[in-house]
Amino acid sequence: MYETAFRAYGYDVPGELRALKGKLAELNIHNRLAPDVLAQYQGYLEEIAKDYDNVDPSKNLLVLNPDYFDDYIEKYSNNFPSVKLDKDLVYRVQNIGGNLVPKKKKFWDLVVDKMHYENDVRPVMIPIIEALGIKACVYCNVQYALTINHSKGLFELDHRYPKSKYPFLCTSFYNFQPSCPTCNHGKKTATAVFGLYTNDKSELKPFHLLTNPQVYLRKRRLDQKLISVHLIASDVNDKKMVELAQKHEKDFDIDATYQEITDVAEETIWRCRSYDNTYKELFLKRFPELYDKDSLHRFIFGVYAEGNVHKRPLTKLIRDIEEDMRVVVTP
């Protein structure tokens with residue numbers, strides 16, 4: 001769906017990248033790159049041009065399989081060590097009032113321009129995000145990331161691998177993550193450890209929001225100050241996952257964000273204690289036309305019992321509290 005829609009614009013991206021190769025050679029009188037360094041910048045552009053139309057559908061840059069991301073990153077890093085992505089390069093000379101004025105841009109920005117990310121990707125992605133059923137920021141699960149009327153997107157499209165470091169991935173579908181403005185801008189140029197797409201089922205639940213509801217209940221004072229939410233790895237015995245959880249927390253200020261909404265955690269704890277199985281069965285018998293087990297869960301907790309955690313904000317927090325309190329989460 002994405003590739004078909006993007007290619008429908010009719011851009012000759014490989015041709016534009018190769019034209020930029022020639023432009024850099026023509027304007028090297030201004031940039032003054034050594035011949036071998038210039039050759040690496042040109043080689044970098046040529047490699048993107050070839051990868052863009054790779055004959056293997058899973059390896060062309062528009063729909064590059066995420067399993068190959070690391071291979072591509074290693075290739076571009078190792079093969080073009082002299083390329084400085086943030087280097088300002090003259091790409092055009094403009095005549096202003098009879099004076100020739102060189103126009104500069106960072107090299108990564110020139111690549112992104114030629115790949116047509118800025119103006120064209122977002123309109124293509126809006127109906128796709130809607131089709132995926134994503135309505136919450138994939139990083140924090142606190143704020144909404146909505147599509148409206150199939151044409152308006154109230155979300156920001158973050159690059160998991162930032163385009164300033166990996167410009168060749170700037171239009172790669174599996175590099176896009178719908179997020180809230182806070183997470184997108186707070187992340188800056190960090191590479192997110194969480195990927196929305198994976199072929200490994202063990203990666204589907206990398207993190208857990210630990211609330212320690214038992215401490216809150218044990219004190220019998222119902223003091224909201226006793227509630228403290230911390231992002232931890234789902235498997236605390238896995239050193240790598242622990243480190244990834246720590247990085248995710250640091251990149252997106254997860255703990256501090258959730259500390260501002262401990263009232264939601266508190267109310268979830270109340271509901272876990274109050275709505276026992278007897279109470280739930282009573283609802284199901286009394287209002288059979290209104291409730292099944294899933295809709296009853298939505299009524300009590302305000303989120304879906306199963307499925308995509310990105311379907312509604314705060315689903316992750318509420319489900320994790322249910323798990324910690326040994327409430328049956330799935331119907």
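Visitor: How many helices and strands does the protein have?
Guide: The secondary structure comes to 15 helices and eight strands, taken as DSSP runs numbered from the N terminus (helices H or I, at least four residues; strands E, at least two). This is a predicted model, in which local features need pLDDT of at least 70, side-chain atom pairs count only at pLDDT 80 or more, and totals for chains, interfaces and linings use all residues. Residues are numbered from 1 along each chain as its sequence is written, and side-chain values use heavy atoms, with hydrogens and water left out.

Visitor: What percentage of the residues is buried?
Guide: Of the 331 residues, 45% are buried, meaning under 20% relative accessible area with a 1.4 Å probe and protein chains only.

Visitor: Turning to helix packing, at what angle do α13 and α14 pack?
Guide: Helix α13 (residues 277-286) and helix α14 (residues 293-301) pack at about 115 degrees, with axes 11 Å apart; axes are lines fitted to C-alpha atoms over the stretch in contact, and angles run from 0 to 180 degrees between N-to-C directions.

Visitor: Which residues make that contact?
Guide: Lys280, Phe283 and Leu284 of α13 meet Lys293, Leu296, Phe299 and Ile300 of α14, where contact means heavy atoms within 4.5 Å. Five are nonpolar, none polar and two charged (nonpolar: Ala, Val, Leu, Ile, Met, Phe, Trp, Tyr, Cys and Pro; charged: Asp, Glu, Lys and Arg; polar: the others, Gly among them).

Visitor: And what are the overall dimensions?
Guide: The C-alpha atoms fill a box of roughly 80 × 45 × 40 Å along the principal axes.

Note on methods: Buried < 20%, exposed > 50% of the residue type's maximum accessible area, 1.4 Å probe, protein only.
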